[in-house]
Amino acid sequence: MQPSSTQPSTQSGSTGRIRRQPAVRMLAQEYTESSLQERGSGQFDPNFVITKLGAKINRAIVAGLLESLQPRETSSGTTMWQGTLRDASGLHYFSIGDFQDEGLLVKAEEWSKNLQEGDPLLMMMVAKTRLFQSDDGAVYTSLHPEEMCIIDGSTYANWLVESADATMRRVTSADKARGLEVSAQAFAEAGVDADHIEGLVLARAHYGDFDPEVYKLTVMRALDLAEGKSGVADLPNQPKVVITDNSPSGSEKTEDNDNTATDIEVLRATIESIVRSADQGDGVDLTKIIANCQARGFSSEDADAALDELVSDKVIDEHRFGWFKIHE
Amino acid sequence: MADEAIEKAVKEVLSQIPDADEDMVREEFVRYHKEFVIPPQDAMRSVLRKVQSNAGIVAATTEQSAGGIQAAPLKKVERLAELGPEDKNIVIEVKIITHNPVTQAVRGRDRDIAFGTLEDNPWGNDDKVRWDYKDWAPSPNLKPGAIVRIEGCSVNEYQGKRSLNINQSSRVIVLQEGAETVIDPTEPMTIAEAIQAEGMVTIVGRVISSRDDVITKRDGSGTIDVVRGKIADDTGSLGFLSWEPFTHQTGVLLKIQSATIRRFRDTPELNFGRTTKVEIFHDSNFADAETLAESSVVTISQLRDGAKDVTIIAQLQSLTERKFTNAEGEEKIVYAGQLIDPTGQCKSSMWCDVGITEDELPIVVRLENARVRAWQGIPDVTIDDVNQVIRLEQKPWDDINVENHVIEAKLSELAKSGSRVGISTAATVVSVRDDCGIIWRCPECRRTLRDDNCQVHGSVTGTRDVRMRMVIDDGQASGSVIIGNEPTLEFLDTDMSGFEDMLAEKGQFGFAQSLRNSLLGRQLKVNGRTIVDEQGMMIIANDIEVIEVDAVLAASESRDKWGLL
C-alpha cells in the first residue's frame, strides 16, 4: 500500500513479476557523478542509481568510443572484462563478467583484440546500472552490459541527440525544483515532469541544491558533435590526455593542451555562428551571445573580449547598443 | 547551553542508575544531539533504557512508575526476523513505508488508531523486510518515509502472520525525517490523482450513477448487499463499491474520506467500508451531474479490462450472430460486433438482439453502462440489455478510413493505456532475443514447444513457425515486440525457402547476432496491437520497419526545443 505513489509502480505487484525497466539515455558525465543508489526491499525488486539530475535508472543505453577493454582474473578463477567507453561528456566504466551472457564474453575477447590492433570501435550498450564502493569509501559507477554492439557514426549521432534531449528534460525539471522545499508536492506544483519527481526528491535529499546549468555545456557539446561540427569546445576540468602508442617504437607523448591561440579562434568562430544562426532580423543581444558561449564552456570575460575584437575587426557590427549583427 | 543540558541529563541518569558508566551516558546524549538532533531531555528515556539494558537491569522498577509498561526485559533487535511471536518491549529502528490513521470502535469506544507498513534495516542497502503495524496511540512522529526508533513495541501474531503493535506506552523517536511525499489521506485529491493512487484516499465528487447490487460469496455462504456506481469531478470519473448502506442519489456532491482504492484487473475502484466517512459537500462551482456524465464518456483508447458502467460513443462496423450451447446445455445467441472510433478499434459482445440490421451498418451508437472485458488484450464492450444501445443520427467525427485505421502513439503512452488494437509506434531496439528464427508449436494449442514437449499436451509432433522477438524502448517505457511468420519474412525480404537457406548458413544464434548488428540502437517502427498487463507491454506486430533518422535535423530540433543555439 503506497498512498504516495502517483507514478506507475516500480514495485512488484501481487504476482511478484516486475515490469522491465526502461533504458534511460544517459551521458557519461551525469552518470559517473552519481553516488546514490536505491534498492527495493523484495528479492526481485530492481536496483536504481539516482543521478544528481534526479534520473532514477536501473538500465541505461550508452554509446561511445571503446577506450579500453582488459581481462581480469577473478578470485573464483574466471575471467571478467573491464572497459571504458568515452562519449561526448566523459568516460563510462563497465565490466562484463560470467554473470552475463556467454556470447558477450566471447565478443569481448574479439573486441579487445581489435582494440589492441588499433581499430577504433564505436559501440553502443544497453546495461544495468551499478554503484560500488572502494575500501576508502569512494563511490564509483559501473555498468553491466546486457547487449553490446558496434554501431556506425549516424547511430551514435542519433544516440547523442536522444541523450542530449533526455538530459535537457532532466535539467529543466531540476531547474524548476531548485530552491524549493524537498517534497514531491512542491515539485509537482512547480511543474516538474511527473516521471522525474520521485528521483529528484531522492537526489535533492542526497546531493543538495545545485545549479543544473553545468550540464547544458555537455549537452551543447553532444549536439555539436551530432551535427558533425568541427571546433567543438574542450570539456572543462579534463586531465591532460595521455596517448599511449602501442607500437614498439612509440613513446608516451602528451597532447599539447596549451592551445590558447586555437581556443580564441574557436571562440570567435562560435560567436560568429551564434550571431548568424540566432539573428531573426533585429540582430542578437549581448546576454544571449554570452549565455550561449558560457554554455559551450567559455567564460563570459573571454566571450566579451572576443566579441569586442570581432566588432573592431568589422566581422560583427553593434548596430544598436547591446545588439549585434554579422557585418555585411 | 547544550552542554549544560547534557550534564544535567547525565546527572539525572546517574541518580537513577548509580552504576552507570558516566562517559558512556554522556557520549550517548551527544550522539543523539549531534546525529539525530534530539535534545538531551527528549533522549532521556532512550538513554535510560540503553543503560538499563547494558547493565542487564529489568526495566521494571523505573518503568512501572513511568506509566505501566509491561515488566518484560527490553529486547533490542536490528531485524524483524529476530523477533518471536511472544516478544514484548522491543526496541527496533525501522523505516515507515505507509501510515493510515483511522477511527475504529474498540470495546464500544471510538479510538483513533493508525496502521501501515514498516521496513527493517533502514540504514542498510541489503535486503529489507516489511511488516504491517498498528499504532494504538497515533504518534505524530510516524510519517511515510521517516526512519524511526520504536521503543516498547510488541509482536502480534494473527493467523500465522506477524505484525508489530506500537502501544500507548511505546515511544517513537524520529531519526531521519521522511523525504518522500506525504499525501495526507484525509486531504481531498482529484479523481485523476485517485485513479493513480493506492490505498486510502479522500475525494470530493458528484455521484453520476448508483445502483444496488448483490455479491455472492465465493464459499456459497450467502450474499452481501452492496451499492455500485460512479463518481466524477472535472478531472475524471471513478467507479465505486460501497459495502455499507449508501442512499445518495445521482447528482449529489459528496466528500468521501478514507475510502480505499482497489484494483480489479486493470481498473481502479473506490471502496467504501466501515471506516469511510461519506458526507454531503457544498460547492456551487462544482460541475453539474449532466456535464460530468458527458465528460465521463470514454474513447476506445481509454477502455480498461474489468471496467464497469462505461459509456462510449463508437461506430459499429459489423455485427454477426453466433449461436452456441453453454455449459448448462442451453442454446445461447451472442452478437459479435466490431467498434471503431478515432482512437482505435475494439470488439463488442451483445447478449441481446439490439435490432440493428446489416444494411444500417456502419452506424454510430452510444453504449451506456457497459462492462468491459478483454480477451487476448483486445477490449470487448459487453452489452446485456437492449436499452444500453442508443442510435445516434450524426457522427461526432469525420469519416474514419476503416481500411487503414492505424493510430500513431508514443511507446510510453501505450504502456500507460490498456491493450489496444490498430496502433503504430516507434522506438529504439534495445534487445534482440536469442530465440529468433524457427520455433515449433504444439498442433493443439499453438504453445511453443520445449524439447518437443508442450506444457499442456506433453510430447507432440510440432508444427513449424517463424518468429522474431525483440525489445523496443523510448527511455520511459519498453515493450516486447513479437513478429510472426509473415511480417518476419516481409522484413527480411525473403520467402520461406530463402529464410531456411539463410538460417542453415548462419545458424539460429548467428541469425540473432546478425539481427543485433543491424537493429540494436536503431529506430524501429512497429504496426500492430498491444497487450498490456502487470508484467508490461507486448506488441504483436503486423509489420516492422527500420526508420532512418537524420541526426543533424534531430539535433537542430532539440536545440530549438530547449533554446540552445
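# Helix packing and a chain interface in a predicted model

In chain A, residues A:R170, A:S173, A:A174 and A:A177 of helix α3(A) meet A:H196, A:L200 and A:R204 of helix α5(A), where a contact requires C-beta atoms, placed from the backbone, within 7 Å of each other. By class, this contact of α3(A) with α5(A) has 3 nonpolar, 2 polar and 2 charged residues, with Ala, Val, Leu, Ile, Met, Phe, Trp, Tyr, Cys and Pro counted as nonpolar, Asp, Glu, Lys and Arg as charged, and the others, Gly among them, as polar. The model is predicted, so local features need pLDDT of at least 70 and side-chain atom pairs count only at pLDDT 80 or more, while totals for chains, interfaces and linings use all residues. Residues are numbered from 1 along each chain as its sequence is written, and chains are lettered from A and ligands numbered from 1 in the order in which they are written.

**Helix packing in chain A**

- The axes of α3 (residues 153-177) and α5 (residues 194-207) of chain A come within 11 Å and cross at roughly 60°, the axes being lines fitted to C-alpha atoms over the stretch in contact and the angles running from 0 to 180 degrees between N-to-C directions.
- That angle makes α3(A) oblique to α5(A), given that angles under 35 degrees count as roughly parallel, over 145 as roughly antiparallel, 65 to 115 as roughly perpendicular and the rest as oblique.
- The crossing of α3(A) and α5(A) is right-handed, whereas that of α3(A) and α6(A) is left-handed; a crossing is left-handed if the near helix is turned anticlockwise from the far one by less than a right angle, and right-handed if clockwise.
- For α3(A) and helix α6 (residues 214-226) of chain A, the axes come within 9 Å and cross at roughly 155°, and the two helices are therefore roughly antiparallel.
- Residues of α3(A) in the contact with α6(A) include A:A157, A:L160, A:V161 and A:A164, and those of α6(A) include A:V219, A:A222 and A:L223; the residues of this contact divide into 12 nonpolar, 2 polar and 1 charged.

**Chain B and its side facing chain A**

- Chain B has 10 helices and 30 strands, these being DSSP runs numbered from the N terminus (helices H or I, at least four residues; strands E, at least two).
- Of the 565 residues of chain B, 35% count as buried, meaning that 20 or more other C-beta atoms lie within 10 Å of the residue's own.
- Among contacts in chain B with a separation of 6 or more, 58% come from residues 24 or more positions apart.
- In the interface, 48 residues of chain B are in contact with 55 residues of chain A, and the elements of chain B giving two or more residues include β10 (199-216), α9 (496-519) and α10 (551-562).
- The most is given by α10(B), with 7 residues, and the side of chain B that touches chain A has 19 nonpolar, 16 polar and 13 charged residues.

**Backbone features in chain B**

- Most residues other than glycine have a negative phi, and most peptide bonds are trans.
- B:S258, in strand β13 (residues 253-264) of chain B, has a positive phi of about 55° although it is not a glycine, and with 20 C-beta neighbours inside 10 Å B:S258 counts as buried.
- B:D309, in the loop between α6 (289-295) and β16 (310-325) of chain B, likewise has a positive phi of about 55° without being a glycine, and B:D309 counts as buried with 20 C-beta neighbours inside 10 Å.
- The peptide bond from B:L361 to B:P362 is cis, with omega near -5°, and B:P362 is found in the loop between β18 (344-350) and β19 (363-375) of chain B.

Key. A residue is buried if 20 or more other C-beta atoms lie within 10 Å of its own, exposed if 12 or fewer, and partly exposed in between; C-beta atoms are placed from the backbone. Two residues are in contact if their C-beta atoms, placed from the backbone, lie within 7 Å.
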